[in-house]
Amino acid sequence: MVDVKRIQEGNYDLITIVGEVDASSSIELDNAIAEAIQSGNKAFLVDCSSLEYISSAGLGVFMSYIEDFKKNDIHIVLFGMNEKVRNVFEILGLDQLLTIRGEKEEAKSAL
Amino acid sequence: MKYSYKVPCKKEKLRDIRSFVKEILDKHGLSEIDASTLVLAIDEVCANLIIHAHQCNAKDSIELQIIVKHNDGIIFDIIDKAEIFDIGQYEEPKLEDIIKKQRKGGLGLILVKRIMDDIEIIHDSSKNICRLTKRIDVI
């Protein structure tokens, strides 16, 4: 129910999440983020414009890697969330812990 | 108005549960953002039961009943034969601790507590009910 694509775009990798991330599909997102960290790249943009739904299982994936991002000096910026998805991040206050931007250009500048 | 939906304890059924809830909330005039927040809370409780209380055993089932009271609010009853964890008593872990310990779980019940107005666990002789109430204008 979720596809996660990663392509290299210049000096960063673009990760695109397509579909719904819930308790049954969060493992896909988890694997993709783990692979991204292992790749050794230090800059990632996460395109959430096709992310239709996220539950705590998906939020938990991002939360669980915050320490790894810091430890490995990895910069990751999420962008393009629809209002409903952004609301879920805000209920928990994750919008304060992760870098989230509206458009891709803004996200690139925030890297 | 009362609606009911019974599903086997499979994680793959969460999507169907969300569609069911969404359809009802749309019918009763909730805004897209309010509806999506309530759908999330129900998804979280059902996921918790399916995974932790039933270990995704498809032979077991849980039932969701939704009672919509005009100008009053919505009651979501999640009915299960297994013991239901008392969310009301759940002590929220600090986000910083979840981050430090690199835990992936523990966020769902925080969301439920923040979204719903009341959470009640009702024990019956044959079943347990997790009753979530949201006071919200409905048509």
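How many helices and strands does chain B have? Chain B has four helices and five strands; helices are DSSP runs of H or I of at least four residues, strands are runs of E of at least two, and both are numbered from the N terminus. The model is predicted: local features need pLDDT of at least 70, side-chain atom pairs count only at pLDDT 80 or more, and totals for chains, interfaces and linings use all residues. Residues are numbered from 1 along each chain as its sequence is written, while chains are lettered from A and ligands numbered from 1 in the order in which they are written.

**View 1. Overall build of chain B.** From the N terminus on, the order of elements is β-α-α-β-β-α-α-β-β. The radius of gyration of chain B, 15 Å, is close to the 14 Å given by the globule rule for 139 residues, so the chain is as compact as a globular protein of that length. The radius is taken over C-alpha atoms, and the rule is 2.2 Å times the number of residues to the power 0.38.

View 2. Buried positions of α1(B) are B:Leu14, B:Ile17, B:Arg18, B:Val21, B:Ile24 and B:Leu25. They cover an arc of only 135 degrees around the axis, which puts them on the same side of α1(B); the arc is that of the directions from the helix axis to the C-beta atoms. On the other side, B:Asp16, B:Ser19, B:Glu23 and B:Asp26 are exposed. A residue is buried if 20 or more other C-beta atoms lie within 10 Å of its own, exposed if 12 or fewer, and partly exposed in between, with C-beta atoms placed from the backbone.

**View 3. Surroundings of helix α1 of chain B.** The buried residues of α1(B) pack against β1 (2–8), α2 (32–53) and β2 (61–69) of chain B, where contact requires C-beta atoms, placed from the backbone, within 7 Å. After α1(B) comes B:Gly29, with a positive phi near 75 degrees.

**View 4. The sheet of chain A.** Five strands form an open sheet of mixed pairing, in the order β1-β2-β3-β4-β5; two strands pair if DSSP finds at least two bridges between them. At the edges stand β1 (2–9) and β5 (99–101) of chain A, each with a single partner strand, so one side of each is left without a neighbour in the sheet.

**View 5. Strands β4 and β5 of chain A.** Strand β4 (residues 75–79) of chain A pairs with β5(A) in the parallel sense over three bridges. A:Leu78 stands opposite A:Ile100 in β5(A).

How values were computed
Two residues are in contact if their C-beta atoms, placed from the backbone, lie within 7 Å.
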